Amino acid sequence: MSDLKVTLIQTNLHWENIEENLRMFDEKINAIQERTEVVVLPEMFSTGFSMAPERLAQTMDGSAVQWMKKKAAEKNIILTGSLIIEENGQYWNRLLWMQPNGVYGTYDKRHLFGYGGEHEHYQPGDKRLIAQVKGWKVCLTVCYDLRFPVWSRNVISPETGEPAYDVLINVANWPERRSTPWKTLIHARAIENQCYTIGVNRVGNDGNNIYHSGDSSLIDPLGEIIYRKSHDEDIFTTTLERSRLEEVRKNFPFLKDADKFQVF
């Protein structure tokens, strides 16, 4: 199993403007000079965190999903981030894991942010998505999911004896006023699950004048901060080292001592 190159894009978003956000992300992805294999965008990257799905939702055949297909193929990357999707008359905060060949996985945000009224507009998901790339297993989550450790708990498979996943990704629109929980929980998820943890957040004010400081982060399996960026737009590319993951799990095999419980 080889190393994995990942890119985190922390950026401001054009409020409720799908066309302008797609144009902006097109430019930012084109500007990546290094070779990369997985590019991570924020939550609701085409609109911002909007509670107006009646106006903004697209189907899985809409322009945003088509753009993801085109860009993933053009750059030979996996592209991931969440969108407002309409399906059968209902709305979903849906993360896509778009592969270069156009095949994709989906994850519907499980924990809807009741404090912001998200549950009044969107349906909750009920299935985890653990994607695979180059032998790496990647657990995908969205924003508020970060506060609920049982949902993202890494467990040892009784069949293989291996952890369920190697990388946890969380895409977010997490306000600066709650940046301490964001940074703390990203850190905790990496340590307790013995995995690389990636959190990609937006920056700037949204349409409700709520400021986001970003604080996008990459934490290694022992809790070391590889990357964290606050306030500014940034594109960061690095390599996840398989040897580091295996070393941590071999020297500190505490996942095997975890309590047994049912993961949804």
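**Helix 1**

I began with the buried residues of helix 1, which are I18, N21, L22, M24, F25, K28 and I29. They cover an arc of only 165 degrees around the axis, so they sit on the same side of helix 1. I note here that I am working on a predicted model.

Next I asked what these buried residues pack against. My list holds strand 1, strand 2, helix 2, helix 3 (63-75), strand 3 (78-87) and strand 13 (234-240).

I then checked the length of helix 1. Its 13 residues should span 18 Å at 1.5 Å a residue, and the end C-alpha atoms are 18 Å apart, which agrees.

I kept one general point beside this entry. An α-helix has 3.6 residues a turn, so residues three or four places apart point the same way.

I looked up E16 and found it in the loop between strand 1 (4-10) and helix 1 (18-30). Is E16 buried, partly exposed or exposed? It counts as partly exposed, because its relative accessibility is 22% and the cut-off for buried is under 20%.

I also read its backbone. Phi of E16 is positive, about 55 degrees, although E16 is not a glycine. Most residues other than glycine have a negative phi.

I moved on to S50, in the loop between strand 2 (38-40) and helix 2 (53-56). S50 counts as buried, at 1% relative accessibility.

Which side chain does the side chain of S50 meet in a polar contact? I found that of E16, at 2.7 Å. Leaving out residues up to four places away in sequence, S50 touches W15, E16, M44, L56, I84 and Y122.

S46 is in the loop between strand 2 and helix 2 as well. I noted a relative accessible area of 3%, so S46 is buried. Setting aside neighbours within four places in sequence, I listed its contacts as N17, I18, N21, L22, A64 and L83. I18, N21 and L22 are also among the buried residues of helix 1.

I took one distance from S46.

**Helix 4**

I turned to helix 4, residues 179-193. It has 15 residues and reaches 21 Å from first C-alpha to last, close to the 21 Å expected at 1.5 Å a residue.

Which residues of helix 4 are buried? I wrote down S179, W182, L185, I186, R189, A190 and N193.

I looked for what covers them. The cover includes strand 8 (167-171), strand 9 (196-200), strand 11 (211-219) and helix 5 (242-251).

Just after helix 4 I stopped at Q194, which takes a positive phi of about 45 degrees.

**D215 in strand 11**

I checked D215, which lies in strand 11. Strand 11 is part of the cover over helix 4. D215 counts as buried, at 3% relative accessibility. Its phi is near 60 degrees, a positive value in a residue other than glycine.

**P253, after helix 5**

I found P253 in the segment after helix 5. Its relative accessible area is 39%, so P253 is partly exposed. I took its distance to T238, 15 residues away along the chain: the two C-alpha atoms are separated by 26 Å.

**The whole chain**

The chain has 5 helices and 13 strands. Its radius of gyration is 17 Å, close to the 18 Å that the globule rule gives for 264 residues, so the chain is as compact as a globular protein of that length. Taken along the principal axes, the C-alpha atoms fill a box of roughly 50 × 40 × 35 Å.

How much of the chain is buried? I noted 55% of the 264 residues.

I then looked at contacts between residues at least 6 apart in sequence. Of these, 70% join residues at least 24 apart.

My last entry is the surface. The chain exposes about 11500 Å², and carbon and sulfur atoms supply 47% of that area.

Methods:
Residues numbered from 1 in each chain as written. Predicted model: local features only at pLDDT ≥ 70, side-chain atom pairs only at ≥ 80, totals over all residues. Heavy atoms only, no water. Helix = DSSP H or I, 4+ residues; strand = E, 2+ residues; numbered from the N terminus. Buried < 20%, exposed > 50% of the residue type's maximum accessible area, 1.4 Å probe, protein only. Polar contact = N/O pair within 3.5 Å; in protein donor to acceptor, adjacent residues only side chain to side chain. Contact = heavy atoms within 4.5 Å. Expected span 1.5 Å × (residues − 1). Rg over C-alpha atoms; globule rule 2.2 N^0.38 Å. Areas by Shrake-Rupley, 256 points an atom, 1.4 Å probe, with all protein chains shown as cover. Arc of directions from axis to C-beta.
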